[in-house]
Amino acid sequence: MAATGEIAGIAADGGDPRYPEGEGPIPPSNRLLHDPNVSFYEYTYYAKLTREEEEETYKTSPTVGIMQVLFPTKSSGGVTPIDTHGNNGSNGEDKEISEKKVGELQQRIEISEAEWTNASRAVRTASGSACFYLITTDILGPFGIGFSMGTLGWGPGIGLFTLFGVLAGYSGWLLWTVFLGVDSYQFPAKNYGDLAFRTWGRPLRHIVNFLQGLQLLISVGVIVIGNGQALSQVSKFKLCYAVCCLIWAILGFAAGQVRTLQKFGILANVAVFINLLIMFISMGVFAHSPPNFAISVLGSAGAVVDSATITPDNSTGVLVYPPIIHYNGMPSKDLAVGIFGLMQGVYAYAGAQLFIEFMAELKRPRDFLKAMWGAQFFIYSCYMIYGCYTYFWQGQYSYQISYQGVSPYSWQTLGNMLAVTSGLIAAALYGNIGIKVIYNNLLMEWFHAPALITKRGKTLWAAIVPIYWTIAFILAASIPDFFGLTGVTAAVCFVQFTYTFPPLIALGYRIQTHALQEGEGFDPATGVVTLHDRGLRRIIRGFFADKWYLNVLHILYAMGALCVSGLGAYSSCHFLIEAFKNPQVNAFSCTSPLNLNP
């Protein structure tokens, strides 16, 4: 965070290239992308102005009908720009900002403040309804809930999924609060790392960006491999498994070309309805056919809890599988199994790593809260209804991918083909955000890449997409038991973004906000930030200034999340070690891991 003297010194020094005249404050357009000399209070000053402008614009916005909510349009235009030419910005000169390299200070000196903020407004095109579908596509994963119920039992399962759903919603609210407080047209917060940087500084930003980039890359790889397994099952293992996976990586080259999240809202809408269709179809099949007994050894709840409950009796010469059973409480006293079940509830709502990117492209970021709570309630309802229904009909045979746990081959095929379509959309969404994290934090800052709204930026994006998907495929395909390894990375990464970082970021925001005294703050006329004190004394005052018990709660919340993360990593490592006791194949093989008779 910049000290008062630092900003004043820059403003008074005529040699700073970001302000050629050598007097007055440094304009936001001439700041570095992640300038350590920009004070927290400068961020909050411009954020307040932006929120006020958004509210004024909202008053004159047309009413959104129910059909627009259910089926968001491809694009409804960005935030209304400031008129810089007296003709509503229609002059060709107003487009010059799109071709200037905003990553380079010397060229950004030529950009006016109106042009700079208009460039920020231009990327804010997503509606609240599109955000609802994006959040739902990001988080919703109902097909493993029956399996989770089988590892937890009725009581713990319902209780934990309810608890973690509430906590995930609270974390989303914390991120939303901080985002509104530090994001502005002058200093747009584009990703999770920006919030970490503005509240805690560079170290946390680098940690967040690394973990987010790693998790999104692995998420893309998981879906590519999962879709490959589904296709291999549909082909009855006649098509080479490596080709099955490669096909989806190549399709990702095309799906990844969508850049804006408003356009992704259409695809996300389709993905949500496809998932609902799979749920309804599989629920009907569960009630009218037995479980897929043969595949239960590969990934059913019984295989995790007690293999004896899925082991057939062959004493009469005919395989007779044990009857379906249910557990009211925890089905196993094994610590690793209990933690494994616990982590299923944690992972079920882990999607907050994309929330900042969603807010960054919303026309009105305040709408995120309604979209988020609506999505969380919808997701929770799907989890409870579908998860309990699956567990009721399939018990310990509940498979980790429910639609593959049905016995009729025709319904397996239909479920697989629908799921791979929605999975490809989800992978494209993860890839979109993953590339933006790399682009905004690596390419623009270190290599001065052009902004994504420019023609050259769009061309560079088109070239990066196939490279990103190729890396994700190679990473996922080369590691045996890749799904086991993802359990470890999920514990290390996913948990942090939904349960650890939000309270930590909110704590830093609250301390700095409430530490402000009379006569302190940012003066836009001079660019000076006046602070009467700093250091430990200021931190203590900010901590206890307003509702200190919330700060204590956030510390406990973050520490609890770290403990859960450690337990999850332990459990995942335990099962990974057990898995590697048997030979494992990777996705460069023609033999599918689902093929029981290779």
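A residue counts as buried when its relative accessible area is under 20%, as exposed when that area is over 50%, and as partly exposed in between. This tour of a predicted model uses those words at several stops.

**Confidence**

Begin by colouring the chain by pLDDT. The mean for the protein is 85, and 86% of its residues reach 70 or more. Next, select residues 1-22, where pLDDT stays under 50. The model has 53 contacts beyond four places in sequence for this segment. Residues 88-96 also stay under 50, with 9 such contacts. Where pLDDT is low, the predicted coordinates should not be read in detail.

**A pair between helix α2 and a loop**

Select Glu54 and Arg124. These two residues form a salt bridge, and their closest N and O atoms are 3.9 Å apart. Glu54 belongs to helix α2 (residues 40-59), whereas Arg124 is in the loop between α5 (113-122) and α6 (128-139); the pair thus links distant parts of the chain, 70 residues apart. Is Glu54 buried or exposed? Its relative accessibility is 4%, under the 20% limit, so Glu54 counts as buried. Arg124, at 1% relative accessibility, counts as buried too.

Glu55 is partly exposed, at 23% relative accessibility, while Arg364 is buried, with a relative accessible area of 13%.

Now select Asp367 and Lys370, whose side chains form a salt bridge at 3.8 Å, N to O. The two residues are 3 apart in helix α17, which means that about one helical turn separates them. Asp367 counts as buried, at 16% relative accessibility, and Lys370 counts as exposed, at 58%. Salt bridges with shared partners join Glu55, Arg364, Arg366, Asp367 and Lys370 into one network. The structure as a whole holds 17 salt bridges.

**The nonpolar interior**

In soluble globular proteins, nonpolar side chains tend to be buried together. Select Ile135, Phe355, Phe358, Phe368 and Tyr383: these are the residues with the most contacts inside the largest nonpolar core, which has 137 residues. Helix α18 (residues 409-447) contributes the largest share of this core, 15 residues.

Centre the view on Phe358. What is Phe358 in contact with, leaving aside its neighbours within four places in sequence? The list consists of Cys131, Leu134, Ile135, Asp138, Leu261, Phe368 and Leu429.

Helices α21 (536-544) and α22 (548-579) each supply at least two residues of the patch, and α21 gives the most, with 4 residues. Finish on Ile539, which is in helix α21. With a relative accessibility of 44%, Ile539 counts as partly exposed.

Methods:
Residues are numbered from 1 along each chain as its sequence is written. This is a predicted model: local features need pLDDT of at least 70, side-chain atom pairs count only at pLDDT 80 or more; totals for chains, interfaces and linings use all residues. Side-chain values use heavy atoms; hydrogens and water are left out. A nonpolar core is a set of buried Ala, Val, Leu, Ile, Met, Phe, Trp, Tyr and Cys residues joined through side-chain atoms within 4.5 Å. Buried means under 20% relative accessible area, exposed over 50%, partly exposed in between (1.4 Å probe, protein chains only). Contact means heavy atoms within 4.5 Å. pLDDT is the predictor's confidence in each residue, from 0 to 100. A salt bridge is a side-chain nitrogen of Lys or Arg within 4 Å of a carboxyl oxygen of Asp or Glu.
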